[in-house]
Amino acid sequence: MSTSYTSNLKLGKPAAGDTGWGDVINGELTDMIEQGIVGMATINTWTTNSHTLTEANGASSEARCAILKLTDTGTNLTGAGTVVVPARSKLYAIINTSGQTITVKTASGTGVAVKTAKQVNLMCDGTNVIEQSNYFASLEAAALQALNIQLSGSGATVDNIITDCFSSNTDTKIATNRAVRTFVGSIGNFKRSERFYPWASAGSSLDGVQPPSISIANDATTTVGTFDLYGTARTVFQELDLAITGTLSFSGTKLDPTVSDAIVRVQRKSTGAGGVSIGACTVADTKLGGSNSYWYSFGVDGDQTSKIDAFSWLDVVTADPIGTYKRKIQSATYDDATDKTTIVYDNGSSGQGKFSSTGFTVQVSSSSFESVGTWVTAVPFVPDAATEGLNETFTISKVIPISSSGNPITTQETFTLPTLKLVPDSGGAGNIEMRVQILCGPVSNVGTFEFNVLQVDQTNITRT
């Protein structure tokens, strides 16, 4: 009877009663078992970037070998290749040194792609080639190296670890514990509140719990608070909320209720005379109002509002020293539909504006391009030509009722002012030295102010 062969490893099976078993067992069984357990076939021939494993009954063949070493010493591979294995159950250890990614597969299967310079254990399940292991109940390794980690639940892929959350913005990296702690400790809104009373001005006049005060006469100016806005190296901008408590009044007698007013100057001390570029003008000047209006608007690309605050001035980058032809910015608004920031500024005259055509680079300074140490006043919250020269930020006013004898009837009040935004100037992020001044009666020429307390609420924004 003739020798038959196993279906998977093609091992010889001598028929009962056969003679010459020694040759059959040695050549077609023993040698083939060793090849199937520890044998290695070197694959070094490629046709159109593919190689099909050889098969043989009872003789040495590539398909029977336990290890497949993929090489390409003849540089026949022009790109990613394939190795086609028989569609029968079998384990394979793959060593890829071919210089290309090689997919090990059956003729009809999808297989597994093995990158060059990598080793992997695969198995054929009779239909397709798959990885031998895809789950470990417990895994401990001295060192684990992976090109990426894919999460089975979401399908997301992690390809790196970062140690600085601020310098990365990605969905494919995970952060270390230190990076997360640093990030959490450095972002968000850090708040600080202070109250400033005129204790030094009270002298010996205080009685009981009478509040300290400063009497500011008509046309007089008094600094009621000097303080720091506390920033860090990561400060993006700061917000300042002020509330002034005191009594507006007037001197003498009146026939009718009278408007009494005071001007508030909020000032910052310059730490840098330079500016920050916000790009080129992409929408040329448009005059706002009639032919005599000083107001102009123009546009720049992107959201530039984080670089512009209540103190900002602008200039055009030319051959002249920056700040030579500076103009006061009144507002900056961003439109995400057009991805443009529109800036309104005071041209100082009704003549031609600074951006009559596009292309000019815009430089912005939050300290008016003034030299270091100069006090700079925030632009008027409500621009008013009548008070333009008064260097004011806010105007507070009240109609003072009068008694039957014409004397003012006054009460203590708290005047809450709109939020001011401050960005670091060219001197860099950090603390900003501030002061608040009150000028009485400059608009109506009638007014006195009894100052009691200044409430300062700070918000330091460090979120990127």
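# Close-up views

**View 1. Strand β19 is largely enclosed by the rest of the structure, because 11 of its 13 residues are buried.** Buried here means under 20% relative accessible area, while exposed means over 50% and partly exposed lies in between, judged with a 1.4 Å probe and with protein chains only. Strands (E, at least two residues) and helices (H or I, at least four residues) are DSSP runs, numbered from the N terminus. The model is predicted, so that local features need a pLDDT of at least 70 and side-chain atom pairs count only at pLDDT 80 or more, whereas totals for chains, interfaces and linings use all residues. Residues are numbered from 1 along each chain as its sequence is written, and side-chain values use heavy atoms, with hydrogens and water left out.

**View 2. β19 has antiparallel pairings with β32, β30 and β29.** Two strands count as paired if DSSP finds at least two bridges between them. The pairing of β19 with β32 runs over 13 bridges, and within it E239 stands opposite T459 of β32. With β30 the antiparallel pairing covers 3 bridges, where Q238 is set opposite L422. A further 4 bridges connect β19 to β29, which spans residues 413-416, and here A243 has T416 as its bridge partner.

**View 3. The largest nonpolar core holds 36 residues, of which F227, L240, F449 and L454 touch the most other members.** Such a core is a set of buried Ala, Val, Leu, Ile, Met, Phe, Trp, Tyr and Cys residues that are joined through side-chain atoms within 4.5 Å. At least two core residues come from each of several strands, including β18 (221-229), β19 (237-249), β20 (258-269) and β32 (448-461), and the largest share, 5 residues, is supplied by β31. If neighbours within four places in sequence are left aside, L240 is in contact, meaning that heavy atoms lie within 4.5 Å, with partners among them F227, L229, V266, M434 and V456. Apart from this core lies another one of 21 residues, which includes L53, L70, L77 and I94.

**View 4. I94, in strand β7, is buried because its relative accessible area is 1%.** Beyond its neighbours within four places in sequence, I94 is in contact with L68, L70, V104, V114, K118, Q119, V120 and L122. One of these contacts, V114, is 20 residues away along the chain, and its C-alpha atom is separated from that of I94 by 8.0 Å.

**View 5. β28 has a covered face and an uncovered one.** The covered face carries F394, I396, K398 and I400, whereas T395, S397 and V399 lie on the uncovered face. In a regular strand the side chains alternate between the two faces of the sheet. β28 pairs with β20 in the antiparallel sense over 7 bridges, and V259 has V399 in β28 as its bridge partner.

**View 6. E55 and R88 form one of the salt bridges, with the closest N and O atoms 1.7 Å apart.** E55 is in the loop between β4 (50-52) and β5 (67-70) and R88 is in the loop between β6 (81-84) and β7 (90-96), so the pair ties together parts that are 33 residues apart in sequence. A salt bridge requires a side-chain nitrogen of Lys or Arg within 4 Å of a carboxyl oxygen of Asp or Glu, and by this rule the count comes to 8. E55 counts as partly exposed because its relative accessibility is 43%, and R88 is partly exposed as well, with a relative accessible area of 23%.

**View 7. D309 and R268 form a salt bridge whose closest N and O atoms are 3.2 Å apart.** This pair links distant parts of the chain, since D309 is in the loop between β22 (295-301) and β23 (313-316) while R268 is in strand β20, 41 residues apart. Both D309 and R268 are buried.

**View 8. K326 and E370 meet through their side chains in a salt bridge of 2.6 Å, N to O.** K326 is in the loop between β23 and β24 (327-335) and E370 is in the loop between β26 (361-365) and β27 (375-377), so the pair ties together parts that are 44 residues apart in sequence. E370 is partly exposed, with a relative accessible area of 27%. S368, found in the loop between β26 and β27, is buried, with a relative accessible area of 3%. Leaving aside neighbours within four places in sequence, S368 is in contact with F311, W313, K326 and V376.
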